Amino acid sequence: MANKISNQSFTKEELLNAMVETPHEAIIFVDTGGIIRFINEGYAEFLGYSPEELINRHILEIVPQTQLLEVLKTGQPQYGDIWTINGNRVVVTRLPIEKDGQIIGVLGRSVFRDEIGLALDFAKKIKKLEDKLASYRAELDHVRRAKYEADEIIGNSGRMLKLKNRIYKVAKTSSTVLITGESGTGKELFAHAIHNASNRRTRAFVRVNCTSIPMDLLESELFGYDEGAFTGAKRGGKLGKFEIAQGGTIFLDEIGDMDRTMQAKLLRVLQEKEIERIGGNKPVPIDVRVIAATNRNLEEMMRANLFREDLYYRLNVVLFQVPPLRERKEDIPDLTSELVKKLNKRLGATITGLDQEVMEMFLSYDWPGNVRELENLLEQAINLAEDKILYRSDFPVLKKRLERQLEGRSFSGTVRPLHEVVKEAEKKAILKALTVTDNNKKEAARLLGIHRSVLYRKLEQIE
């Protein structure tokens with residue numbers, strides 16, 4: 001039967017008494033000496049006593065594990081604590097009570113009986129959400145970690161060794177770094193390696209591709225926005241990439257594609273070490289290392305008034321110029337070996353090596369797409385291969401590209417036969433390998449990816 005609703009009026013005392021004697025709450029008050037001065041009937045019954053039996057007794061006699069005395073000691077309230085009394089879990093709030101600026105005791109309130117189940121369910125849901133949030137954070141931290149170390153960058157040519165050694169020197173500072181080089185040379189690898197060699201390695205590494213984000217959205221991506229900054233803005237606003245990278249590194253890839261308006265805003269960030277969210281009215285200090293990369297000639301862009309000169313010099317504090325593959329062909333054998341291993345793992349293949357004719361083709365080609373093109377052609381070949389060795393026939397695309405390359409080269413108005421051009425390129429590669437290794441034929445053969453006996457035979461033909 002439903003309870004009847006009364007329109008009866010109450011005195012203040014009657015109303016207070018009704019609130020205190022609710023069957024759903026335990027209420028207790030102890031003075032500064034820990035003596036129980038008030039306890040409602042619901043709490044006394046819960047403890048197995050009547051209120052009269054508990055008044056003027058010390059709280060520790062009744063509830064030895066009580067935290068009420070801790071609140072007396074610290075003066076700090078405690079909210080929503082899950083507490084066990086007589087084998088029952090209750091939700092407890094403990095509040096210091098003051099009079100004339102002095103603490104005179106502590107009021108304890110506990111939710112129990114039917115409500116405790118609801119409270120515990122709520123606590124479980126909160127714990128579940130916290131666990132899920134922690135999982136998302138861990139996953140996000142993993143995504144935002146730099147992936148590559150300096151020793152994972154393949155290349156033992158003179159220029160590559162100098163660049164790899166420079167990584168460790170530059171990583172000790174927080175100076176801004178500019179990485180230049182053709183598309184596909186591996187500029188991003190150096191950005192990752194610098195971050196991982198620095199004392200920022202445990203913090204975020206945030207990559208921003210300035211080409212893939214529309215310019216009208218790039219500002220909000222980099223600097224974030226406050227709630228209500230514009231129509232469609234998320235409730236609560238949004239953190240920008242610079243704030244996400246706080247304490248770590250932000251990698252601005254394809255910086256040459258950023259328009260002059262954004263260039264001016266980025267310049268201010270580099271100068272002032274602070275950002276301002278869209279719609280915000282106060283600057284946010286940032287501690288972020290900036291690494292920028294581009295495949296464009298920024299000096300030519302400055303002359304064409306497409307890139308700000310002041311920003312260029314702010315970015316170009318430390319310069320890494322990654323050489324194209326055609327200028328470090330002695331690295332091709334090692335690169336090929338590592339790429340084949342990587343592709344075998346990804347594609348589930350079992351390629352063990354390359355025929356010598358294939359390596360001769362590799363050393364003859366100029367690689368306009370650099371390492372990315374090399375990886376792409378190897379993947380195509382592995383998919384075509386019918387053996388565990390890759391042969392010339394597995395590289396039909398490369399053969400066509402080599403033919404076009406040769407067609408583009410003219411000597412006294414004539415096109416030379418392919419075998420002559422290949423032979424000349426082979427000679428140059430062998431002589432360069434011998435120069436790099438100080439005429440160490442064993443090491444030269446290793447760099448060229450051929451057996452020592454093959455090298456001796458080719459040397460006889462050259463001589």
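I started with a network of salt bridges, which links Lys-342, Arg-346, Glu-375 and Glu-379. I took a salt bridge as a side-chain nitrogen of Lys or Arg within 4 Å of a carboxyl oxygen of Asp or Glu. By this rule I have 27 salt bridges.

This is a predicted model, so I note the limits: local features need pLDDT of at least 70, side-chain atom pairs count only at pLDDT 80 or more, and totals for chains, interfaces and linings use all residues. Residues are numbered from 1 along each chain as its sequence is written, and side-chain values use heavy atoms, with hydrogens and water left out.

Entry on Arg-207. I found Arg-207 in a salt bridge with Asp-253, with 3.0 Å between the closest N and O atoms. The two are 46 residues apart and link distant parts of the chain, Arg-207 from strand β7 (residues 205-209) and Asp-253 from strand β8 (residues 249-253). I use helices (H or I, at least four residues) and strands (E, at least two) as DSSP runs, numbered from the N terminus. For exposure I call a residue buried under 20% relative accessible area, exposed over 50% and partly exposed in between (1.4 Å probe, protein chains only). Arg-207 is partly exposed at 37%, whereas Asp-253 is buried at 8%.

Entry on Glu-221. Its partner is Lys-241, and the closest N and O atoms are 3.9 Å apart. This pair also links distant parts of the chain, with Glu-221 in helix α9 (residues 215-223) and Lys-241 in helix α10 (residues 241-244), 20 residues apart. I noted Glu-221 as buried at 19% relative accessible area and Lys-241 as partly exposed at 24%.

Entry on Arg-296. The side chain of Arg-296 meets that of Asp-257 in a salt bridge, 2.8 Å from N to O. Arg-296 is in the loop between β11 (289-294) and α12 (298-303) and Asp-257 in the loop between β8 and α11 (260-272), so the pair ties together parts 39 residues apart in sequence. Both residues came up as partly exposed, Arg-296 at 36% and Asp-257 at 28%.

Which residues form a negative surface patch? I list Glu-21, Glu-41, Glu-52 and Glu-53. Patch residues have over 30% relative accessible area and no salt bridge, and like charges are joined within 9 Å.

Notes: Patches are made of residues with over 30% relative accessible area and no salt bridge: like charges are joined within 9 Å, nonpolar side chains (Val, Leu, Ile, Met, Phe, Trp, Tyr) within 5 Å. Accessible areas come from the Shrake-Rupley method with a 1.4 Å probe; for residues, only the protein chains shown count as cover. Lys and Arg count as positive and Asp and Glu as negative; His and the chain ends are not counted. The place of a charge is taken as NZ of Lys, CZ of Arg, CG of Asp or CD of Glu.
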